[in-house]
Amino acid sequence: MTDITGKAAVITGGGTGIGMGLAKELARRGVPVAIGDIMIDNARRTAAEIVAAGGRAIAVPCDVCERAAIHALREEAEAAFGPIQLVFANAGATNFDRLAEIRDEDADWIIQVNLMGVLNTARAFLPGMIAAGGGHLVATSSTAGLTPGSVPVHSVYSAAKMGIIGLMMNLSLELRQHRIGVTTYCPGGVASALGDQNSLYRPQRFGGPKSEGLQVPEESFQDAAPRFYSPESVAPIVLEAVRRDRPFAFDHAEQRETFRETYSRVVETCYDDIAAWEAEHGTPELVENAG
Ligand SMILES: NC(=O)c1ccc[n+]([C@@H]2O[C@H](COP(=O)([O-])OP(=O)(O)OC[C@H]3O[C@@H](n4cnc5c(N)ncnc54)[C@H](O)[C@@H]3O)[C@@H](O)[C@H]2O)c1
């Protein structure tokens, strides 16, 4: 169980969309929130709306690809609200380029912002969380990371988002002793600014904002167009997963079948293959003391 009462939060990418919904829900429950975002005007607007509604919030310019910027976010957040025990590493950006065609700077950007952004954020805030005696770390992955075979032409983003899942699942083992809960949120379709503003999120070192908007190939969602929920309605679902200390938070119950199919297919083919191989040929040759 993670009790958010009396704790302060940081949210990366909290200027719009899912992060904004989380920031407002946390503030509504009395949690002060520091919003770090590369789009500082959006972050300031969200913080101002929270303050106008009686909550506590600050906005800090922050590119999660830059470690120094995250440390500056931590310093400002701690100066405003004291120890930060609730960390939402949520900032992200997407793209739909074929791997054979993607530009170097876009491949680097998508890995950096989605995977390294979470890793950088966790590294910057964990020492303080440990010193404060515990808390909760939430990272926003995606169903593209959980079931990466479901949306074509999404390989780099899927790799980054699945990387987050590996990072978080392993991290939970070392954070348990520090009473820090770990939840990976895998949105399956939430209305946000990704469609309209995604191209503006690219930092200068990856070429800066792109002139062309986000292009989604028809084949990517030809099987099933996602249903989009509002950020306000998914935020309480994520916070309930935090309260229950769940390893994952999902928001589309019907996507359970995609998950089951993805992994049961692996269990029933690839593990059957190796079991059958061992039955016919014996186990692979064992090397003593190799580990
Ligand atoms: N909306 C969905 O259906 C969906 C599905 C799966 C995963 N996600 C993930 O949810 C997270 C939030 O996205 P969203 O859908 O709310 O979209 P959004 O565009 O509304 O929010 C993304 C936020 O991240 C910020 N951001 C982008 N690059 C940044 C950087 N380098 N440093 C700091 N901030 C940066 C943006 O300014 C924005 O505020 C992302 O990680 C996204 O990949 C969203």
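How close do the axes of α1 and helix α8 (residues 231-243) come, and at what angle do they cross? They come within 8 Å and cross at roughly 65°. Axes here are lines fitted to C-alpha atoms, for helices over the stretch in contact, and angles run from 0 to 180 degrees between N-to-C directions.

This is a predicted model, in which local features need pLDDT of at least 70, side-chain atom pairs count only at pLDDT 80 or more, and totals for chains, interfaces and linings use all residues. Residues are numbered from 1 along each chain as its sequence is written.

**Overall build**

The protein has nine helices and seven strands. Helices (H or I, at least four residues) and strands (E, at least two) are DSSP runs, numbered from the N terminus. The radius of gyration is 20 Å, close to the 19 Å that the globule rule gives for 291 residues, so the protein is as compact as a globular protein of that length. That radius is taken over C-alpha atoms, and the rule is 2.2 Å times the number of residues to the power 0.38. Along its principal axes the C-alpha trace spans about 70 × 45 × 35 Å.

**Helix pairs**

Two packed helices are described by the angle between their axes and the distance between the axes.

| Pair | Angle | Axis distance |
|---|---|---|
| α4 (104-132) and α6 (155-175) | about 15° | 8 Å |
| α1 and α8 (231-243) | roughly 65° | within 8 Å |
| α3 (67-81) and α4 | roughly 35° | within 9 Å |

Helices α4 and α6 pack at about 15°, which makes α4 roughly parallel to α6 (under 35 degrees; over 145 is roughly antiparallel, 65 to 115 roughly perpendicular, the rest oblique). On the α4 side, the contact includes Ala107, Ile110 and Leu115. On the α6 side, it includes Val156, Tyr157 and Leu171. Contact requires C-beta atoms, placed from the backbone, within 7 Å. The residues divide into 13 nonpolar, two polar and one charged. Ala, Val, Leu, Ile, Met, Phe, Trp, Tyr, Cys and Pro count as nonpolar, Asp, Glu, Lys and Arg as charged, and the others, Gly among them, as polar.

Back to α1 and α8, which cross at roughly 65°. That makes α1 roughly perpendicular to α8. Gly17, Ile18 and Met20 are among the α1 residues that meet α8. Their α8 partners include Pro231, Glu232 and Val234. This contact has nine nonpolar, two polar and three charged residues.

In the α3 and α4 pair, Arg67, Ile70, His71, Arg74 and Glu78 of α3 meet Asn120, Thr121, Ala124, Phe125 and Gly128 of α4. By class, that gives three nonpolar, four polar and three charged residues.

**Around the ligand**

Of the 32 residues around the ligand, Gly13, Gly17, Gly92, Ser142 and Ser192 come nearest. A residue is near if its C-beta atom, placed from the backbone, lies within 6 Å. Elements giving two or more residues to this shell are α1 (17-28) and α7 (194-197). Helix α1 gives the most, with three. The shell has 15 nonpolar, 15 polar and two charged residues.

How values were computed
Two residues are in contact if their C-beta atoms, placed from the backbone, lie within 7 Å.
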